[in-house]
Amino acid sequence: MASKAPVELLSVGGREVRLTSGDKVYFPEPGITKREVVHYYLAVAEPLLRVLFERPTNLKRYPDGVDGEPFYGKRLPKGAPDYAETARVTFPSGRTAESLCPTEAAVLLWAANMGTFDFHPWPVRRADPDRPDELRIDLDPQPGTDFADARAVAAALHEVLDEAGLVGWPKTSGGRGVHVFARIRPEWDFVDVRHAVIAIARRVCDRLPEQATVAWWKEERGERVFLDYNQAARDRTVASAWSVRGRPRATVSMPVTWEQLPDVEPEDFDVRTVPGLLAERGDPHEDMDAAVGGIETALDWYAADQRDRGLGELPYPPEYPKMPGEPTRVQPSRAKAPAEDVAPS
């Protein structure tokens, strides 16, 4: 009869967290085990908890490693420890759920032991789950473009955010993209914040029309970087800073400074390199909570675009209910051509 794999106990924040099956290989290419992933999260627990604190958080879990089938957990899993707190969130359908709401480091290790690679927090805090306190812009390189293109677009985005009175904080996505976040006062709903993102993204595209786009339909994007404004919609999330990504190299979504961004590559940051970089350099986003702004200027831009340029609402994702002012959700190449005017006989 086979003996059970040993259980290890990790101490964090005055609690002990179980690590099971630590020798299981999660990333075959570099040979990274489950133990290494959990210990990675122990090493970055302090800055990661700052990112996730009091935020409803989805878990992207890979119980069979990077080559297995992942799944998102939007509700607190059964069997969670007593110290795993929750926050109630409302989905676009109107349904609600009790989502994990990290408040201490031990819950991060518990989630990692459950096979979590990346944490996907909502842009809200538990105290006010319907008003975002974080504006997020996802720069997504399309086929024919790469991380270097995303960096170039991010530089223009930096300028636009400054003009909007917002402080942007960049990070690598862990893949080919760049994420830029800005703290805002929780005074606006998801619709307003999404409109602010659209207005900001349009100004970036005005400056770099050959490099950046807000076109929702892939057939219209070309070889440009897509500024994914729908990541600002309710129930849309992106991987947090410090999250391990489900990629062969075990890359990490790494917070960086604007000064560092032009010189980094996604492969610079992985489960094995990031703990040392954190110990050496500290958290580049440590002061983010102190740089809180508003979206008044961006909303003025949105209104002006609508009034002066005829640019209004953009399509929502297909699973959303039809929203006020939204254009038809039909792929342009499949839209019926208007019937030609025919003179009466």
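I started with helix 5 and helix 7 (residues 296-308), which pack at an angle of about 75° with their axes 8 Å apart. Helix 5 and helix 7 are therefore roughly perpendicular to each other. I noted that angles of 65 to 115 degrees count as roughly perpendicular, under 35 as roughly parallel, over 145 as roughly antiparallel, and the rest as oblique. Axes here are lines fitted to C-alpha atoms, for helices over the stretch in contact, and angles run from 0 to 180 degrees between N-to-C directions.

A note on the source: this is a predicted model, where local features need pLDDT of at least 70 and side-chain atom pairs count only at pLDDT 80 or more, while totals for chains, interfaces and linings use all residues. Residues are numbered from 1 along each chain as its sequence is written, and side-chain values use heavy atoms, with hydrogens and water left out.

Which residues make the contact of helix 5 with helix 7? From helix 5 I listed D192, H195, A196, I198, A199, I200, R202 and R203, and from helix 7 A298, L299, W301, Y302 and D305. Contact means heavy atoms within 4.5 Å. By class I got eight nonpolar, one polar and four charged residues there. (Ala, Val, Leu, Ile, Met, Phe, Trp, Tyr, Cys and Pro count as nonpolar, Asp, Glu, Lys and Arg as charged, and the others, Gly among them, as polar.)

Next I checked helix 4 (residues 147-163) against helix 5 (residues 190-207): the angle is about 125°, with the axes 9 Å apart. That makes helix 4 oblique to helix 5. On the helix 4 side I found V153, A156, L157, E159, V160, L161 and E163, and on the helix 5 side I200, R203, V204 and R207. This contact has seven nonpolar, no polar and four charged residues.

Helices (H or I, at least four residues) and strands (E, at least two) are DSSP runs, numbered from the N terminus.

Then I went for the holes. On a 1 Å grid over the protein atoms alone, a cavity is a set of points where a 1.4 Å probe fits but cannot get out; a pocket is an open set with protein on both sides within 12 Å along at least five of seven lines; lining residues have an atom within 4 Å of a point. Grid points are joined across faces, edges and corners, and a volume is the space filled by probe spheres set on the points.

I counted three cavities of 30 Å³ or more. The largest cavity has a volume of about 180 Å³. R50, V51, R183, H285 and M288 are the closest to its centre among its 18 lining residues. Helix 2 gives the most to this lining, three residues.

The largest pocket comes to about 780 Å³. It is lined by 32 residues, with Y72, H120, Q231, T237 and V238 nearest its centre. Strand 10 gives the most to the pocket lining, four residues.
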